[in-house]
Amino acid sequence: MFSVRDTMLALLAALSAAGCIYPPTTQPPPDAHEQVVIPLPYDLAWDAVNHVIAQNALRIQATDSNAGIIETVGPRFTLHDADCGRIKSVVGTYPAEPEMNASTVYTFGVHPRGPEASVVQVLATFNSPVKVPLRPTTDVDCISHGIQESNLLRQVLAQAKQTHRPTFNKPPNSEAAASPPENSEPNHPASRSTIERSNETPPSTSGFSMGGTHHLLEHSNLPDLPPSPAP
(Lines give C-alpha, C1' and ligand atoms only; values in the text may rest on other atoms or scores of the structure.)
Protein backbone atom coordinates (compact mmCIF):
# COMPACT_ATOMS: atom_id res chain seq x y z
CA MET A 1 0.00 0.00 0.00
CA PHE A 2 1.10 3.55 -0.72
CA SER A 3 2.04 5.73 2.19
CA VAL A 4 0.76 9.28 2.64
CA ARG A 5 4.13 10.57 1.54
CA ASP A 6 3.98 8.62 -1.71
CA THR A 7 0.49 9.87 -2.34
CA MET A 8 1.56 13.47 -1.87
CA LEU A 9 4.50 13.04 -4.20
CA ALA A 10 2.30 11.49 -6.85
CA LEU A 11 -0.17 14.35 -6.50
CA LEU A 12 2.56 16.96 -6.88
CA ALA A 13 3.87 15.20 -9.96
CA ALA A 14 0.39 15.14 -11.46
CA LEU A 15 -0.06 18.84 -10.74
CA SER A 16 3.27 19.69 -12.31
CA ALA A 17 2.38 17.68 -15.39
CA ALA A 18 -1.13 19.09 -15.50
CA GLY A 19 -0.11 22.50 -16.80
CA CYS A 20 2.90 24.63 -17.55
CA ILE A 21 3.71 27.44 -19.95
CA TYR A 22 6.58 27.76 -22.37
CA PRO A 23 7.74 31.29 -23.27
CA PRO A 24 7.35 32.66 -26.82
CA THR A 25 9.89 31.42 -29.34
CA THR A 26 9.07 33.87 -32.15
CA GLN A 27 11.92 36.21 -33.09
CA PRO A 28 11.19 39.96 -32.92
CA PRO A 29 10.40 41.54 -36.30
CA PRO A 30 13.33 43.04 -38.23
CA ASP A 31 13.82 46.79 -38.50
CA ALA A 32 12.41 46.77 -42.04
CA HIS A 33 9.01 45.89 -40.55
CA GLU A 34 9.21 48.58 -37.88
CA GLN A 35 10.48 51.72 -39.61
CA VAL A 36 10.34 53.57 -42.90
CA VAL A 37 11.76 56.75 -44.43
CA ILE A 38 9.20 59.18 -45.86
CA PRO A 39 9.97 62.24 -48.06
CA LEU A 40 8.55 64.82 -45.65
CA PRO A 41 10.20 67.26 -43.26
CA TYR A 42 9.71 66.62 -39.57
CA ASP A 43 6.65 68.82 -39.01
CA LEU A 44 4.71 67.36 -41.94
CA ALA A 45 5.77 63.80 -40.99
CA TRP A 46 4.44 64.45 -37.49
CA ASP A 47 1.10 65.54 -38.98
CA ALA A 48 0.94 62.45 -41.22
CA VAL A 49 1.54 60.09 -38.28
CA ASN A 50 -1.14 61.78 -36.18
CA HIS A 51 -3.58 61.43 -39.09
CA VAL A 52 -2.92 57.67 -39.24
CA ILE A 53 -3.35 57.39 -35.47
CA ALA A 54 -6.76 59.08 -35.68
CA GLN A 55 -7.73 56.99 -38.71
CA ASN A 56 -7.16 53.77 -36.73
CA ALA A 57 -8.93 55.09 -33.60
CA LEU A 58 -5.80 54.62 -31.50
CA ARG A 59 -5.97 56.38 -28.14
CA ILE A 60 -3.03 58.68 -27.42
CA GLN A 61 -1.83 58.35 -23.83
CA ALA A 62 1.49 60.22 -24.11
CA THR A 63 3.06 62.53 -26.66
CA ASP A 64 6.29 64.55 -26.87
CA SER A 65 6.81 66.52 -30.08
CA ASN A 66 10.31 67.60 -29.01
CA ALA A 67 11.44 63.98 -28.68
CA GLY A 68 9.25 62.83 -31.59
CA ILE A 69 7.40 60.14 -29.58
CA ILE A 70 3.69 59.28 -29.51
CA GLU A 71 2.46 56.43 -27.31
CA THR A 72 -0.94 55.00 -28.17
CA VAL A 73 -3.23 52.24 -26.93
CA GLY A 74 -4.77 49.89 -29.49
CA PRO A 75 -7.50 47.27 -29.51
CA ARG A 76 -7.14 43.73 -28.19
CA PHE A 77 -4.67 41.68 -30.20
CA THR A 78 -4.95 38.06 -31.33
CA LEU A 79 -2.60 35.16 -32.00
CA HIS A 80 -2.36 36.49 -35.54
CA ASP A 81 -0.55 39.54 -34.17
CA ALA A 82 1.75 38.08 -31.53
CA ASP A 83 3.14 34.92 -29.93
CA CYS A 84 2.34 34.52 -26.23
CA GLY A 85 4.00 31.13 -25.81
CA ARG A 86 2.52 27.66 -25.48
CA ILE A 87 0.69 25.86 -22.72
CA LYS A 88 1.29 22.21 -21.89
CA SER A 89 -1.47 20.29 -20.14
CA VAL A 90 -2.74 16.76 -19.79
CA VAL A 91 -4.58 17.17 -23.10
CA GLY A 92 -1.49 18.26 -25.01
CA THR A 93 0.31 21.45 -25.97
CA TYR A 94 -1.46 24.45 -27.52
CA PRO A 95 -0.81 28.17 -28.10
CA ALA A 96 -1.49 30.52 -25.23
CA GLU A 97 -4.53 32.61 -26.15
CA PRO A 98 -4.58 36.34 -25.25
CA GLU A 99 -7.27 37.17 -22.72
CA MET A 100 -9.94 39.83 -23.10
CA ASN A 101 -7.99 42.22 -20.87
CA ALA A 102 -4.82 41.89 -22.96
CA SER A 103 -3.11 45.20 -23.73
CA THR A 104 -1.73 46.62 -26.98
CA VAL A 105 0.61 49.62 -27.06
CA TYR A 106 1.96 51.17 -30.26
CA THR A 107 4.84 53.61 -29.83
CA PHE A 108 5.46 55.88 -32.82
CA GLY A 109 8.81 57.57 -33.30
CA VAL A 110 9.29 60.44 -35.74
CA HIS A 111 12.83 61.71 -36.33
CA PRO A 112 14.20 64.07 -39.00
CA ARG A 113 16.59 62.77 -41.62
CA GLY A 114 17.89 65.89 -43.28
CA PRO A 115 15.71 68.90 -44.12
CA GLU A 116 13.27 67.09 -46.42
CA ALA A 117 12.93 63.53 -45.03
CA SER A 118 11.96 61.78 -41.80
CA VAL A 119 12.22 58.32 -40.24
CA VAL A 120 8.98 56.90 -38.82
CA GLN A 121 9.16 53.92 -36.48
CA VAL A 122 6.38 51.83 -34.96
CA LEU A 123 7.06 49.53 -32.00
CA ALA A 124 4.30 47.23 -30.72
CA THR A 125 4.11 45.90 -27.17
CA PHE A 126 1.66 43.06 -26.53
CA ASN A 127 0.93 41.80 -23.03
CA SER A 128 -1.68 39.34 -21.79
CA PRO A 129 -2.51 37.30 -18.73
CA VAL A 130 -2.36 33.59 -19.57
CA LYS A 131 -4.40 30.99 -17.74
CA VAL A 132 -2.61 27.73 -17.11
CA PRO A 133 -4.71 24.79 -15.83
CA LEU A 134 -4.31 24.24 -12.08
CA ARG A 135 -1.85 27.15 -11.86
CA PRO A 136 -2.12 30.87 -11.09
CA THR A 137 -2.66 33.23 -14.00
CA THR A 138 0.62 34.46 -15.46
CA ASP A 139 1.34 37.75 -17.26
CA VAL A 140 3.23 37.18 -20.49
CA ASP A 141 5.04 39.67 -22.71
CA CYS A 142 4.11 38.42 -26.15
CA ILE A 143 6.40 38.74 -29.17
CA SER A 144 4.99 40.64 -32.14
CA HIS A 145 4.84 39.05 -35.58
CA GLY A 146 5.36 42.51 -37.12
CA ILE A 147 2.05 42.44 -38.99
CA GLN A 148 0.36 45.42 -37.36
CA GLU A 149 3.51 47.51 -37.47
CA SER A 150 3.83 46.92 -41.22
CA ASN A 151 0.17 47.82 -41.76
CA LEU A 152 0.56 51.10 -39.89
CA LEU A 153 3.75 52.01 -41.75
CA ARG A 154 2.04 51.38 -45.10
CA GLN A 155 -0.69 53.78 -44.06
CA VAL A 156 1.93 56.36 -43.07
CA LEU A 157 3.54 56.04 -46.53
CA ALA A 158 0.16 56.51 -48.22
CA GLN A 159 -0.65 59.52 -46.05
CA ALA A 160 2.75 61.07 -46.77
CA LYS A 161 1.81 61.30 -50.46
CA GLN A 162 -1.22 63.39 -49.55
CA THR A 163 0.43 65.64 -46.96
CA HIS A 164 1.80 69.00 -48.10
CA ARG A 165 1.97 72.56 -46.98
CA PRO A 166 -1.10 74.74 -47.68
CA THR A 167 -0.87 76.95 -50.76
CA PHE A 168 -2.51 80.35 -51.13
CA ASN A 169 -3.71 81.21 -54.65
CA LYS A 170 -4.16 84.80 -55.82
CA PRO A 171 -7.72 85.90 -56.64
CA PRO A 172 -8.44 85.45 -60.39
CA ASN A 173 -8.96 89.21 -60.96
CA SER A 174 -5.90 90.37 -58.99
CA GLU A 175 -3.56 90.30 -61.97
CA ALA A 176 -6.09 92.07 -64.20
CA ALA A 177 -6.54 94.80 -61.59
CA ALA A 178 -2.80 95.25 -61.21
CA SER A 179 -2.07 95.55 -64.97
CA PRO A 180 -3.24 98.56 -67.06
CA PRO A 181 -5.96 98.02 -69.73
CA GLU A 182 -4.77 96.95 -73.14
CA ASN A 183 -6.26 99.99 -74.90
CA SER A 184 -4.74 102.48 -72.46
CA GLU A 185 -2.08 104.87 -73.64
CA PRO A 186 0.59 104.96 -70.94
CA ASN A 187 2.65 107.50 -72.88
CA HIS A 188 -0.12 110.08 -73.49
CA PRO A 189 0.92 113.69 -72.91
CA ALA A 190 0.17 115.14 -69.54
CA SER A 191 -2.97 117.25 -69.22
CA ARG A 192 -2.46 120.96 -69.41
CA SER A 193 -2.81 122.92 -66.24
CA THR A 194 -6.11 124.66 -65.59
CA ILE A 195 -4.10 127.82 -65.00
CA GLU A 196 -2.76 127.71 -68.56
CA ARG A 197 -6.28 127.27 -69.92
CA SER A 198 -7.95 129.91 -67.78
CA ASN A 199 -7.82 132.57 -70.51
CA GLU A 200 -9.49 130.43 -73.15
CA THR A 201 -13.08 131.03 -74.05
CA PRO A 202 -15.22 127.99 -73.29
CA PRO A 203 -16.85 126.48 -76.38
CA SER A 204 -20.28 126.95 -74.88
CA THR A 205 -19.88 130.79 -74.81
CA SER A 206 -18.87 131.12 -78.44
CA GLY A 207 -20.86 133.91 -80.05
CA PHE A 208 -21.55 135.74 -76.78
CA SER A 209 -20.14 139.11 -75.76
CA MET A 210 -19.10 139.90 -72.28
CA GLY A 211 -19.55 143.66 -72.97
CA GLY A 212 -19.74 146.08 -75.90
CA THR A 213 -22.40 147.00 -78.44
CA HIS A 214 -22.13 144.17 -80.98
CA HIS A 215 -24.85 141.58 -81.39
CA LEU A 216 -25.12 138.86 -78.73
CA LEU A 217 -26.25 136.25 -81.22
CA GLU A 218 -24.69 135.78 -84.61
CA HIS A 219 -27.09 133.12 -85.91
CA SER A 220 -29.14 134.62 -88.75
CA ASN A 221 -31.67 131.82 -88.96
CA LEU A 222 -33.20 132.30 -85.54
CA PRO A 223 -36.82 133.69 -85.42
CA ASP A 224 -37.54 137.18 -84.13
CA LEU A 225 -38.61 137.30 -80.54
CA PRO A 226 -41.99 138.94 -79.73
CA PRO A 227 -41.83 142.46 -78.31
CA SER A 228 -41.90 142.86 -74.61
CA PRO A 229 -45.30 143.75 -73.14
CA ALA A 230 -45.88 147.35 -72.18
CA PRO A 231 -45.44 148.13 -68.55
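## The aromatic cluster

F77, Y106 and F126 make up one aromatic cluster. Please keep in mind that the model is predicted.

**Exercise 1.** Find how the rings of F77 and F126 are arranged, and where in the chain the two residues sit.

*Solution.* 
- Step 1: The structure holds 3 aromatic pairs.
- Step 2: F77 belongs to the loop between β4 (69–73) and β5, while F126 is in strand β9, so the pair links parts of the chain 49 residues apart.
- Step 3: F77 has a relative accessible area of 1%, so it is buried. F126 is likewise buried, at 1% relative accessibility.

**Exercise 2.** Classify the ring pair of Y106 and F126.

*Solution.* 
- Step 1: The centres lie 6.3 Å apart and the planes stand at 90°.
- Step 2: An angle over 60 degrees counts as edge-to-face, so that is the class of the pair Y106 and F126.
- Step 3: Because Y106 is in strand β8 and F126 in strand β9, the pair ties together parts 20 residues apart in sequence.
- Step 4: Both Y106 and F126 are buried.

## The nonpolar core

**Exercise 3.** Which members of the largest nonpolar core touch the most other members, and which element supplies the largest share?

*Solution.* 
- Step 1: The core has 33 residues, and I38, V49, Y106 and F108 touch the most other members.
- Step 2: Elements that each give at least two residues include β2 (35–38), α2 (42–55), β8 (103–112) and α3 (147–160).
- Step 3: The largest share, 7 residues, comes from α2.
- Step 4: Look at F108: beyond its neighbours within four places in sequence, its contacts include V49, I53, L58 and L152.

## A serine in a strand

**Exercise 4.** Is S118 buried or exposed, and which backbone atoms lie by its side chain?

*Solution.* 
- Step 1: S118 is in strand β9.
- Step 2: Its relative accessibility is 0%, so S118 counts as buried.
- Step 3: A polar atom of the S118 side chain lies 2.8 Å from the backbone oxygen of L40 and one lies 3.4 Å from the backbone nitrogen of Y42.
- Step 4: Residues touching S118 also include V36, A45 and H111.

## Strand pairing

**Exercise 5.** How many bridges join β9 to β10?

*Solution.* 
- Step 1: 5 bridges join these antiparallel strands.
- Step 2: N127 stands opposite D141 in β10.
- Step 3: β10 also runs antiparallel to β5 (residues 82–83), joined by 2 bridges; there, A82 has S144 as its bridge partner.

Definitions and conventions
Residues numbered from 1 in each chain as written. Predicted model: local features only at pLDDT ≥ 70, side-chain atom pairs only at ≥ 80, totals over all residues. Heavy atoms only, no water. Core = buried A, V, L, I, M, F, W, Y, C linked by side-chain atoms within 4.5 Å. Buried < 20%, exposed > 50% of the residue type's maximum accessible area, 1.4 Å probe, protein only. Helix = DSSP H or I, 4+ residues; strand = E, 2+ residues; numbered from the N terminus. Contact = heavy atoms within 4.5 Å. Polar contact = N/O pair within 3.5 Å; in protein donor to acceptor, adjacent residues only side chain to side chain. Pairing = 2+ DSSP bridges. Phe/Tyr/Trp six-rings, centres within 6.5 Å; stacked < 30°, edge-to-face > 60°.
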